[in-house]
Amino acid sequence: MTKKSFVWLTMVLCMLLPLVAACGSGSLTSTSTNPATKVAPPAGENIYVLDGYAPQGVTNANQHIVAFHPGNAQPTYTLPAGLTSMDHRLLLAAQAQAGQTTISVIDTRSGATLRTLSLAGNYSTAGQDFNNAVLSIDGHWLALRQLDSSTSATTIALVDTKAGKLSKTIHLTGDFDLDAISLDGNALYLLQRLNNGTGRYYVQLYTVSENELYQSPIVDKSELNDPNMTGTATARQVASDASATYTLYVDTYHNIAFVHILPLDPGFPFARCINLPVGKSSDLLHYYTLALSADGKTLYAANGALGVVSEISLNNMGTSNIYSDQVAATDHFNPGVTNVTSVDTSRMLRNGAALSSDQSTLYFAGLHGIWSVKTADLLSGHAAFHQALGQQSFTGIALSADSRTLYAVSPTSGITAFDTASGQALQALQVPIRAPWDVEWIVN
């Protein structure tokens, strides 16, 4: 989106929406939309929305995914919450009852269950973090951590979803969480909780074929003498070739935010931590979100509440060149944050950033409203940031395939859409959803 078109969008929205406060600084306040300004959503487009928003501190929100067309308030079908392959064609969902867990492999395009299998024990694919379940990007290998594992012993089930069978049960001494799995299912990346009162942990590599942990923890290649890590994972991007994961961690106690770059290569057991800018208070760290360019060369870490965007240059020439990873640019802007409420500090983003299909514009959610910036301007040091819907708060955003429609999700007000090309305001969508969290994916 060009600066001119975004300013025009804001002017149109200001004129069309009833104002509660004066429209200024590119932001606006609205209580309703004008039906006369409605623009039809993309024809044939179906969006998959996660229903069951969970603010910070809430772990059970009875979540499921609702598929529907933006122009039709009736759901096409409903899917259980779970893990999907990178192309979103397969969904894996676990349901535990009376000490048995049923794993379902579901075709997301039709909602049909392709196969099921049953495991002894309690496992889950639900939740925002990655601790209890991880899936290879093609949906072939699913690893599940038994929920009732103790701090002294951990049980992990490795499932071959294509064959529909349990491939291996792994028993480890110690307290381990799941972090990632390689494309071939042979390398499991784990977080070993130290349980020493510090909240710290090691990143460990377990090789399935050799049935053993790597001889030492996976460490930041620039800090070989300090294998400890700290923080909570809040967002993740994965390389399209499954070569690496990029996970955003925040540590509110120490006021730290960083991106953990983990090559999924068992022959290269090293990682990289990229520190991100923080503010005086850690209350807004969880507004950090990630977006990965289509070519896999650039990662954007944006925090619309702190008013900062970092562009991280990724070396895609192999793990041997991981030393060249660097923050190519960091731009600051005024987010207009004057008052932070308890609702603001507990709000949890999910898929809070999106790149336009031509990679030219980065959109991301802030404490209030949606921000945008031209990616080419970030390296210049003179980037212009623009805000829309500044008097509303959102937990997730997504773009249609042609990037003309941006969907902004709020658990309380539903889904708001606007046309990024013409600046015409869209009505709030009539959606069959109770408390939407984000748009998980979009299919044309």
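Biologist: What phi does Asn211 take in the hairpin of β14 and β15?
Modeller: Asn211 takes a positive phi near 55°, in a hairpin with four residues between its strands. Most residues other than glycine have a negative phi. Strands (E, at least two residues) and helices (H or I, at least four) are DSSP runs, numbered from the N terminus.

Biologist: What should I keep in mind about the source of these values?
Modeller: This is a predicted model, in which local features need pLDDT of at least 70 and side-chain atom pairs count only at pLDDT 80 or more, while totals for chains, interfaces and linings use all residues. Residues are numbered from 1 along each chain as its sequence is written, and side-chain values use heavy atoms, with hydrogens and water left out.

Biologist: How many bridges pair β14 with β15?
Modeller: There are two bridges between β14 and β15 (residues 212-213), in the antiparallel sense. Strands count as paired if DSSP finds at least two bridges between them. Thr207 has Glu212 of β15 as its bridge partner.

Biologist: And how many bridges link β13 and β14?
Modeller: Seven bridges join β13 to β14, again antiparallel. Leu188, for instance, has Tyr206 in β14 as its bridge partner.

Biologist: Is β14 mostly covered or mostly open?
Modeller: β14 is mostly covered, with six of its seven residues buried. Buried means under 20% relative accessible area, exposed means over 50%, and partly exposed lies in between, with a 1.4 Å probe and protein chains only.

Biologist: Which residues have the most contacts inside the largest nonpolar core?
Modeller: They are Ala143, Ile156, Leu188, Tyr189 and Leu190, in a core of 30 residues. β9 (141-145), β10 (153-160), β11 (165-173), β12 (176-181), β13 (187-193), β14 (201-207) and β19 (256-263) each give two or more residues to this core. β13 gives the most, with five. A nonpolar core is a set of buried Ala, Val, Leu, Ile, Met, Phe, Trp, Tyr and Cys residues joined through side-chain atoms within 4.5 Å. In soluble globular proteins, nonpolar side chains tend to be buried together.

Biologist: What is Leu190 in contact with, leaving aside its neighbours within four places in sequence?
Modeller: Its contacts (heavy atoms within 4.5 Å) include Ile156, Leu172, Phe176, Tyr202, Val203, Tyr206 and Leu213. Another core, of 20 residues, lies apart from the largest one and includes Leu290, Leu292, Leu299 and Val308.

Biologist: Turning to rings, how many aromatic pairs are there?
Modeller: The count comes to nine aromatic pairs. Rings of Phe, Tyr and Trp (its six-membered ring) pair if their centres lie within 6.5 Å; planes under 30 degrees apart are stacked, over 60 edge-to-face, and the rest tilted. Tyr53 and Trp437 form an edge-to-face pair, at 5.5 Å centre to centre with 90° between the planes. That pair links distant parts of the chain, 384 residues apart: Tyr53 is in the loop between β1 (46-51) and β2 (64-68), and Trp437 is in β32 (residues 436-443).

Biologist: Why does Trp437 count as buried?
Modeller: Trp437 counts as buried because its relative accessibility is 2%. Tyr53 is also classed as buried because its relative accessibility is 19%.

Biologist: What lies over the face of Trp437?
Modeller: Arg350 does, at 5.6 Å from the ring centre. A charge sits over a ring if NZ of Lys or CZ of Arg is within 6 Å of the ring centre and within 35 degrees of the ring normal. Arg350 belongs to the loop between α2 (342-346) and β25, and at 18% relative accessibility it counts as buried. The Arg350 side chain also makes a polar contact of 2.9 Å with the side chain of Glu440. A polar contact is a pair of N or O atoms within 3.5 Å; within protein, one must be able to donate a hydrogen and the other to accept it, and residues adjacent in sequence count only if both atoms are side-chain atoms.

Biologist: And which ring does the charged end of Arg193 sit over?
Modeller: The charged end of Arg193 sits over the ring of Tyr201, 4.8 Å from its centre.

Biologist: Finally, how many helices and strands are in the chain?
Modeller: The chain has three helices and 32 strands. Of its 444 residues, 54% are buried.
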